[in-house]
Amino acid sequence: ARAYQGYLTYFGPFHPGLIYILGARSDYLGRLGRHGEAAEELLQAWKTCSKIHGASHPNTLEWRRYYIDRLMRAGREAEAERERLRMEADGHSMDD
């Protein structure tokens with residue numbers, strides 16, 4: 001949390017390093033079994049990556065897939081399925 005806040009304060013909300021800090025926080029929360037909180041970190045990572053690189057950038061799509069996977073682990077299958085369908089409607093699949 002301190003690293004994220006430091007990056008945010010020093011570099012601003014659209015620094016690529018923030019994405020990886022969010023990913024690490026998500027991984028940590030997931031290891032604790034806190035998959036819902038982990039999903040929220042990945043949602044923020046995906047949205048930040050999209051703002052930096054664009055919605056169709058390979059890194060953005062990867063973070064979006066991680067988010068969908070974490071929703072599934074959190075037991076939020078319906079939400080994950082809706083996001084997967086939105087992703088397909090955007091012209092991307094889980095396998096791209």
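Gly30 is buried, because its relative accessible area is 10% and buried means under 20% relative accessible area, with exposed meaning over 50% and partly exposed covering what lies in between (1.4 Å probe, protein chains only). The residue belongs to helix H2, which covers residues 16–31; helices (H or I, at least four residues) and strands (E, at least two) are DSSP runs, numbered from the N terminus. Leaving aside residues up to four places away in sequence, Gly30 touches His35, Ala38 and Arg70, where contact means heavy atoms within 4.5 Å. Gly30 and Gly75 are 45 residues apart along the chain, and their C-alpha atoms are separated by 13 Å.

This is a predicted model, in which local features need pLDDT of at least 70 and side-chain atom pairs count only at pLDDT 80 or more, while totals for chains, interfaces and linings use all residues. Residues are numbered from 1 along each chain as its sequence is written, and side-chain values use heavy atoms, with hydrogens and water left out.

## Overall fold

The protein chain has five helices and zero strands, and from the N terminus on its elements run α-α-α-α-α. The radius of gyration, taken over C-alpha atoms, is set against a globule rule of 2.2 Å times the number of residues to the power 0.38; with 96 residues a compact globule would have a value near 12 Å, and the 13 Å of the protein chain agrees with this. Along its principal axes, the C-alpha trace spans about 35 × 30 × 15 Å.

Of the 96 residues, 34% count as buried. Among contacts with a separation of 6 or more, 45% are accounted for by residues 24 or more positions apart. The protein chain exposes about 5700 Å², of which carbon and sulfur atoms supply 53%; accessible areas come from the Shrake-Rupley method with a 1.4 Å probe, and for residues only the protein chains shown count as cover.

Thr60 lies in helix H4, residues 58–73, and is buried, with a relative accessible area of 0%. Not counting residues up to four places away in sequence, Thr60 touches Trp46, Cys49, Ser50, His53, Gly54 and Ala55.

Rings of Phe, Tyr and Trp (its six-membered ring) pair if their centres lie within 6.5 Å, and planes under 30 degrees apart count as stacked, over 60 as edge-to-face and the rest as tilted. By this rule the count comes to four aromatic pairs. The rings of Trp63 and Tyr66 have centres 5.3 Å apart and planes at 85°, so this pair is edge-to-face. Both residues lie in helix H4, three residues apart, about one turn of the helix. Trp63 is buried at a relative accessible area of 9%, whereas Tyr66 counts as partly exposed at 39%. Tyr20, Trp63 and Tyr66 form one aromatic cluster.

Tyr10 is placed in helix H1, residues 2–11, and counts as exposed at 69% relative accessibility. Tyr7, Tyr10 and Phe11 form a nonpolar surface patch with about 360 Å² of accessible area together. Patches are made of residues with over 30% relative accessible area and no salt bridge, like charges being joined within 9 Å and nonpolar side chains (Val, Leu, Ile, Met, Phe, Trp, Tyr) within 5 Å; a salt bridge is a side-chain nitrogen of Lys or Arg within 4 Å of a carboxyl oxygen of Asp or Glu.

Lys51 lies in helix H3, residues 35–53, and counts as exposed at 61% relative accessibility. The C-alpha atoms of Lys51 and Phe14 are separated by 7.3 Å, with the two residues 37 apart along the chain.
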